[in-house]
Every structure is written in C-alpha cells, then in structure tokens.
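Morning, everyone. Let me put the model on the screen and walk you through two topics. Please have a look.

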Amino acid sequence: MATNYKNIRFEVERGVATLTLNRPERLNSFTAAMHADVRHALARVEAGVTAEPTVRCLVITGAGRGFCAGQDLNDRAVGAGAEPVDLGRTIDTLYKPLVLKLQRLPIPVIAAVNGVAAGAGANLALVCDLVFAARSANFLQAFAKIGLVPDCGGTWFLPRLVGHARALGLALLAEKLPAAEAEAWGLIWKCVDDAELMPTVRRVAEQLAGGPTRAYARAKAAIHAAGGLSLEGSLDLERDFQRELGASHDYREGVAAFIEKRVAKFTGE
Ligand code: T3D
C-alpha cells in the first residue's frame with residue numbers, strides 16, 4: 001500500500017510502514033505542510049496497528065542526502081523588523097504532539113538516519129526506539145547557532161542518553177557529532193556503512209514486525225515510564241504488564257515454541 005503526499009512518502013509493506021521525509025532540496029526540514037502530512041500518515045499507522053493486515057513497525061527516514069534539518073528556517077525569516085513568530089505555539093501545536101505521538105505508538109519505531117540530522121531533525125531521530133545511522137551521517141543540536149534551546153525533546157533525551165556533560169557540550173557548542181561517535185556515546189543504537197543502512201533497517205523492521213508486538217509496546221512504555229518512577233514503581237509496572245502479557249497469544253506461542261524446539265510464530269496478539 002502506498003499513498004501520495006506532497007512532502008513525504010508513505011508505504012506499508014509486510015507489516016512495516018515507511019515514512020520518508022521528502023523535501024530533499026531543503027534537507028527535509030519541517031514546514032507546516034510537512035507536519036500535516038506526517039500527522040496524517042501517523043494517524044494511518046495508528047489505525048493500522050489494529051487493522052488487518054496490521055502495521056507492526058514504523059521506519060522514519062529522509063529522501064536525498066539528509067535525514068532532516070529541523071524547522072524550515074525560510075518560514076522563520078524574522079529579521080529586519082518582521083513580526084516574531086510565536087515559537088511556543090508551533091511547539092505546542094506541531095512538535096510536541098509529534099514527539100508524544102511517536103513515543104506513545106504501540107509498535108517499535110526505527111529511525112534510519114541517512115544523512116545529517118539537525119535541530120528538531122536530530123531530536124526526531126532520538127524519539128525513535130532504535131536509531132540506525134549511515135556512517136556519513138551526523139547529529140547536530142543546531143539550536144544554539146540560531147539562539148534557541150534544544151527542543152523536540154532534546155533536553156529530555158540528551159542527558160538520559162549520553163549524560164549531563166555530553167548533553168551540555170552538544171547543546172552549547174552545536175558541533176556535528178559523527179554517527180560512529182554517536183554510537184560510541186550511546187546516543188544511537190548502531191552506525192552502519194552507508195550502503196548497508198536501508199537493507200539493515202529493513203531486516204530489523206521485518207524482524208520486529210514479525211515479533212510479539214504487545215510485548216514490545218509494553219517494554220517501550222515501561223522503559224519510558226522508568227525515568228519518573230522509583231524501583232518499586234517500576235517493579236509494580238512490570239508486574240502489571242507481565243500479568244497482562246501472560247494472557248496473550250504470543251506468550252503462549254513463545255513458551256510452546258521453546259518447549260517444542262521450533263521457531264515461534266508471533267501474531268502480535
Ligand atoms: O517552530 C519553530 O521554529 C521552533 C522549532 C524549532 C526546531 C528547529 O529545528 S530549530 C533548528 C533549525 N535547523 C537548523 O538550524 C539547521 C540549519 N541547517 C544547517 O545548519 C545546515 O544546512 C546543515 C548543517 C543541516 C547541513 O549543512 P550542509 O552544508 O550539508 O547543507 P546546506 O548547504 O547548508 O543545506 C542544503 C540546502 O538545504 C541549502 O539550500 P540551498 O542553499 O542549496 O538553496 C540550505 O539552505 C537548505 N537548508 C538546510 N537546512 C535548512 C534549509 N533550508 C531551510 N531550513 C533549514 N533548516
């Protein structure tokens with residue numbers, strides 16, 4: 001299944017939805033129109049989680065040589081006496097809902113970072129559950145260069161992923177972090193050779209699309225919740241999720257497959 005959009009490409013194949021940001025001449029930077037296309041596609045992904053055939057993994061990537069350069073600054077030409085744009089409003093109406101939607105999707109979300117990921121584009125990648133990046137890609141908290149603070153969850157994700165010192169270094173110095181270093185720092189899951197990026201991501205996405213979807217959703221939710229919980233709170237949440245998953249088809253199938261020494265056939269139920 002493929003759908004035509006102006007600013008993105010969107011297709012679903014074998015349980016994997018692929019959303020490609022598609023404004024390569026502007027390094028796939030976000031306009032309000034691209035936000036609208038992304039919003040529409042994500043609503044379809046959400047609806048597809050319970051549809052038949054189901055969507056069980058989402059991949060986000062970029063067309064051309066970049067992943068995403070954040071906000072399109074042509075829409076923010078505020079020099080020479082122009083009226084300032086209310087950035088609080090664009091965060092509230094566009095970026096914040098996007099981040100929360102992705103973090104709460106009950107399926108694994110993979111970022112395939114094919115090239116530079118800057119500003120909100122870098123943090124869009126970090127919202128995803130697994131980040132694969134091409135060796136030639138880099139991550140840039142570009143905000144300080146234009147007098148802004150990291151947004152799109154940057155101030156939340158960066159210290160959690162790489163620690164306080166590195167988070168501040170990235171935010172204040174706004175230097176490009178090459179993909180290999182990003183992997184070494186624990187900012188992303190894996191850096192792979194450029195030619196291997198999409199085949200690797202496809203392989204992993206299909207593996208996840210054939211996996212125990214409900215368990216993935218709960219693992220994702222528990223790990224995100226853990227930041228705001230005590231150990232006891234996390235143990236309680238694990239108990240609740242385990243109780244729920246213990247009654248699932250995929251748990252029964254997983255245990256049966258183990259005992260019968262065969263590969264499990266998970267359905268996501
Ligand atoms: O609502 C709100 O505004 C609040 C939310 C803000 C969220 C944000 O994301 S703020 C941060 C915005 N992003 C940036 O500041 C990054 C700006 N871009 C760059 O610093 C560089 O382009 C890169 C480091 C990402 C890549 O550099 P390079 O040398 O590989 O490419 P380039 O030549 O700079 O860019 C190629 C083209 O894309 C170029 O157009 P041209 O000259 O060929 O016609 C460039 O202008 C365009 N482009 C790149 N980034 C943006 C962009 N056009 C508009 N907006 C961009 N963000």
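How much area do domain 1 and domain 2 bury between them? The figure is about 770 Å², with 53% of it on carbon and sulfur atoms. Keep in mind that this is a predicted model.

Now the layout behind that figure. Domain 1 covers residues 2–209 of the protein chain, and domain 2 covers 213–260. Twelve residues from domain 1 take part in the contact, along with five residues from domain 2. The C-alpha centres of the two domains are 27 Å apart. A word on that kind of area: interface size is often given as the accessible area lost when the parts come together.

Next, the ligand. There are 25 residues around it, and Q71, L73, R76, T90 and A120 come nearest. What classes make up this shell? Twelve residues are nonpolar, six are polar and seven are charged.

Which elements supply the shell? Both α2 (87–104) and β7 (116–118) give at least two residues each. The largest share is from α2, with three residues.

T90 places a polar side-chain atom 2.5 Å from an oxygen atom of the ligand. R65 also has a polar side-chain atom by a ligand oxygen, at 2.9 Å. With A69, the backbone is involved: an N or O atom there lies 2.9 Å from a nitrogen atom of the ligand. How much of the ligand does the protein bury? Taken alone, the ligand exposes 1,000 Å², and the protein buries 70% of that.

Note on methods:
Residues are numbered from 1 along each chain as its sequence is written. This is a predicted model: local features need pLDDT of at least 70, side-chain atom pairs count only at pLDDT 80 or more; totals for chains, interfaces and linings use all residues. Side-chain values use heavy atoms; hydrogens and water are left out. A residue is near a molecule or strand if one of its heavy atoms lies within 4 Å of it. A polar contact is a pair of N or O atoms within 3.5 Å; within protein, one must be able to donate a hydrogen and the other to accept it, and residues adjacent in sequence count only if both atoms are side-chain atoms. Accessible areas come from the Shrake-Rupley method with a 1.4 Å probe; for residues, only the protein chains shown count as cover. Helices (H or I, at least four residues) and strands (E, at least two) are DSSP runs, numbered from the N terminus. Ala, Val, Leu, Ile, Met, Phe, Trp, Tyr, Cys and Pro count as nonpolar, Asp, Glu, Lys and Arg as charged, and the others, Gly among them, as polar. Domain bounds come from an automatic or database domain assignment. Contact means heavy atoms within 4.5 Å. Buried area is the accessible area (1.4 Å probe) that two parts lose on being put together, summed over both.
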